[in-house]
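Here are my notes on the fold and the charge pairs, as numbered points.

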Amino acid sequence: MFKRLFVGLELPEGSRHLFRKLDPQIKGLRWLPPEQLHLTMSFIGDVDAEHEEQLRGNLAQVRVSPFFLPITGVGAFGGERPSVVWAGVGKGHPHLFALHQHIQDAVLHAGLDPDLKPFHPHITLGRARGVSRAALKPFLRDYQESEFDLWKVTSFTLFSSRLTAEGSIYTVELRQELQ
Ligand code: 2AM
């Protein structure tokens, strides 16, 4: 049995609903439900039970103190036909990058193969299909400087993800408190 796994930070309850008020009606843009909002730290992919066990053990050994992350600004990945609309978390926050490094090490030492592309931390707010950047421009302009919240990161989470026709369903597999 394989699970499709990734490690992320769950947005606190209070912050999840901040983005509802931004919600412009743009054809082709699907907003994520508030309970799914997260910041991906490491995307891993399909993992068997044995490797998952090893990964759980390694993640439990990660030692990074809780830290604050500003949630600021919005943007879109994907050139002139963006696929992802996101909220940002400030530039180069050292604690976030340290945690990312520890998590990647935990994944690698479990014999797994994480996505090793450069880390561009973001909170995906919506997924776009066939939407031009021009159509997103008013939204991006209105909120690009917004200071949404100050997020106290106190844990990270191992999620499994199941792909369905309505989008992905995420399940919490393990929540590890920072200390
Ligand atoms: P995204 O939101 O920026 O698309 C679960 O799929 C999470 O892992 C998503 O938040 C997704 O980020 C992220 N992710 C990173 N790399 C991925 C990949 N290669 N395939 C699927 N999801 C990936």
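1. A salt bridge is counted here when a side-chain nitrogen of Lys or Arg lies within 4 Å of a carboxyl oxygen of Asp or Glu. The model is predicted. By this rule, the side chains of Arg141 and Asp142 pair, with N to O at 3.5 Å. Arg141 is exposed, at 55% relative accessibility.

2. The count of such salt bridges comes to eight.

3. Four helices and nine strands make up the secondary structure, in the order β-α-β-β-α-β-β-α-β-α-β-β-β from the N terminus. The radius of gyration is 16 Å, close to the 16 Å given by the globule rule for 179 residues, so the chain is as compact as a globular protein of that length. The C-alpha trace spans about 45 × 35 × 25 Å along its principal axes.

4. Of the 179 residues, 48% count as buried. Of the contacts between residues at least 6 apart in sequence, 79% join residues at least 24 apart.

5. Within helix α1 (residues 13–16), Glu13 and Arg16 are three residues apart, about one turn of the helix. Their side chains form a salt bridge at 3.3 Å, N to O. Glu13 is exposed at 52% relative accessible area, whereas Arg16 is buried at 16%.

6. Arg56 and Glu173 form a salt bridge, with the closest N and O atoms 3.1 Å apart. Arg56 is in helix α2 (residues 49–60) and Glu173 in strand β9 (residues 167–177), so the pair ties together parts 117 residues apart in sequence. Arg56 is partly exposed, at 22%.

Definitions and conventions. Residues are numbered from 1 along each chain as its sequence is written. This is a predicted model: local features need pLDDT of at least 70, side-chain atom pairs count only at pLDDT 80 or more; totals for chains, interfaces and linings use all residues. Side-chain values use heavy atoms; hydrogens and water are left out. Helices (H or I, at least four residues) and strands (E, at least two) are DSSP runs, numbered from the N terminus. The radius of gyration is taken over C-alpha atoms; the globule rule is 2.2 Å times the number of residues to the power 0.38. Buried means under 20% relative accessible area, exposed over 50%, partly exposed in between (1.4 Å probe, protein chains only). Contact means heavy atoms within 4.5 Å.
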